[in-house]
Amino acid sequence: MAGKKPVIYVRYNIPEKYLNKIKALGATVLFEPWTFGKEEPQLTHDLSECNIVLTLGLIDPLTIQPYAPNLQWVQSMSVGLDALLHKETINSDIIITNTKGCTSIPIAEHTVAMISAFSRGLPTMLLNQHKKIWSNTEIKDLEGSNVGIVGYGEIGKEIAKRCKALGMYVVGCRKRPSNTLDNDPADQVVGLERIDEVIKNADFLILALPSTKETYHFIDKHKLRLLKESAFLINIGRGNTIVEEDLLQALYSQQIKGAALDVFDIEPLPGDHPFWELDNVIISPHNAYYSPRSMERYMDIFIENLTRFIEGKELLNVVNKELGY
């Protein structure tokens, strides 16, 4: 890669100051932002010399690939690569990197906010306030509560740190527990073969799973039945890791106490979706990752990687395309 002039097709709406930083490194920038929730913009640039694409892997299937024969590297501005990883990209030589680590702290803070809201009965308080009802709400102590984090990676560790500070008992559940460091913040880290045990013991079950073949509809009616009636489910991973119809039934029947959902099968969540009507659900618009520093963090890693690309060095956050993360 060293010595090749970067020609970057930017499909994300980044501020001009960062475009200027990119150009200052000697790159040619082809700017055509794709707004989340909108139709893919029509290609108007010549991509014959393009060797880098900066885009949102969550929504971009890289249909422009045939027009960019010299494409070497795609930097996703999202950790999730739901649209980007498919047969054509997986089987290609294109390197894909993401923003892993940039969103861990905001997502952890969001998760703790959801845990705290449920423990103090905040959804009921807000309903009562709207109806002008003066009434106590059901309260749950956080100290001594059990937290199960399924998909225990960088985000899970940040969640664990904060839960431990609140006196909670934390169990992380991941594919490769043997990779866990000795100073991990969780009380235990176990393998996926113990998932049923993790679910049964959880007062708060946190889903931080990536979207892969193995995690598709991972949480279904059978696993939901293992939860306590007093348990809460919080999904800050990917929407398709849950069978939504099964979760709806569990919530309708109060088989579980409630759910906080940041991600969904279809986004934006359709206005007629039943989740909107449930009093025991907190909905956030896939913004758990967001902080005022999000763009700064994303661009720091991209500019570092761009420098490495120019110098022929190994890039940061290279995705294993077969595993999906």
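The structure is a predicted model. With a relative accessible area of 40%, Ile139 is classed as partly exposed, because that class covers values between the buried limit of 20% and the exposed limit of 50%. Together with Leu122, Met125 and Leu126, Ile139 makes up a nonpolar patch on the surface, and the accessible area of these residues together is about 340 Å².

Helix α4 also contains Asn128. The relative accessible area of Asn128 is 13%, so this residue counts as buried. When residues up to four places away in sequence are set aside, Asn128 touches Ile133, Ser135 and Thr137.

## The open five-stranded sheet

Five strands form an open sheet in the order β2-β1-β3-β4-β5, and their pairing is parallel. At the edges stand β2 (28-31) and β5 (95-97), each of which pairs on one side only. From one strand to the next, the twist averages 20 degrees.

Strand β1 (residues 7-10) runs parallel to β2 and is joined to β2 by 4 bridges. Within this pairing, Ile8 has Val29 of β2 as its bridge partner. Helix α9 (residues 294-311) lies across β1, β3 (52-55), β4 (73-76) and β5. The direction of α9 makes an angle of about 165 degrees with that of β4.

Strand β10 (residues 232-235) is covered on both faces. Phe232 and Ile234 are buried on one side, while Leu233 and Asn235 are buried on the other.

Two parallel pairings involve β10. Strand β9 is joined to β10 by 4 bridges, and Leu207 stands opposite Asn235 of β10. Another 4 bridges join β10 to β11, where Leu233 has Ala259 of β11 as its bridge partner.

In helix α8 (residues 244-252), the buried residues are Glu244, Asp246, Leu247, Leu248, Ala250 and Leu251. Among the elements that cover these residues are α7 (221-224), β11 (258-261) and β12 (281-283). Gln254 follows α8 and has a positive phi, near 55 degrees.

Thr215 is found in the loop between β9 (204-207) and α7. Its relative accessibility is 8%, so Thr215 counts as buried. Apart from neighbours within four places in sequence, the contacts of Thr215 are Leu209, Pro210, Asn240 and Thr241. Asn70 is 145 residues from Thr215 along the chain, and the C-alpha atoms of these two residues are separated by 33 Å.

## Salt bridges

Side chains of opposite charge can pair when their charged atoms come close. The whole structure contains 13 salt bridges. One of them is formed by Asp60 and Arg11, with the closest N and O atoms 3.1 Å apart. This pair links distant parts of the chain, 49 residues apart: Asp60 lies in the loop between β3 and β4, and Arg11 in the loop between β1 and α1 (16-24). Both Asp60 and Arg11 are buried.

A further salt bridge brings together the side chains of Asp203 and Lys140, at an N to O distance of 3.5 Å. Here too, distant parts of the chain are linked: Asp203 belongs to the loop between α6 (195-201) and β9, Lys140 belongs to the loop between α4 and β6, and the two are 63 residues apart. Asp203 has a relative accessible area of 9% and is therefore buried.

## A partly exposed pair and a network

Glu311 and Lys313 also form a salt bridge, and their closest N and O atoms are 3.1 Å apart. Glu311 is partly exposed, with a relative accessible area of 44%. Lys313, at 46% relative accessibility, likewise counts as partly exposed.

Terms used. Residues numbered from 1 in each chain as written. Predicted model: local features only at pLDDT ≥ 70, side-chain atom pairs only at ≥ 80, totals over all residues. Heavy atoms only, no water. Pairing = 2+ DSSP bridges. Axes fitted to C-alpha atoms, helices over the stretch in contact; angles between N-to-C directions. Contact = heavy atoms within 4.5 Å. Patch = residues over 30% accessible without salt bridge, like charges linked within 9 Å, V, L, I, M, F, W, Y side chains within 5 Å. Areas by Shrake-Rupley, 256 points an atom, 1.4 Å probe, with all protein chains shown as cover. Salt bridge = Lys/Arg side-chain N within 4 Å of Asp/Glu carboxyl O. Buried < 20%, exposed > 50% of the residue type's maximum accessible area, 1.4 Å probe, protein only.
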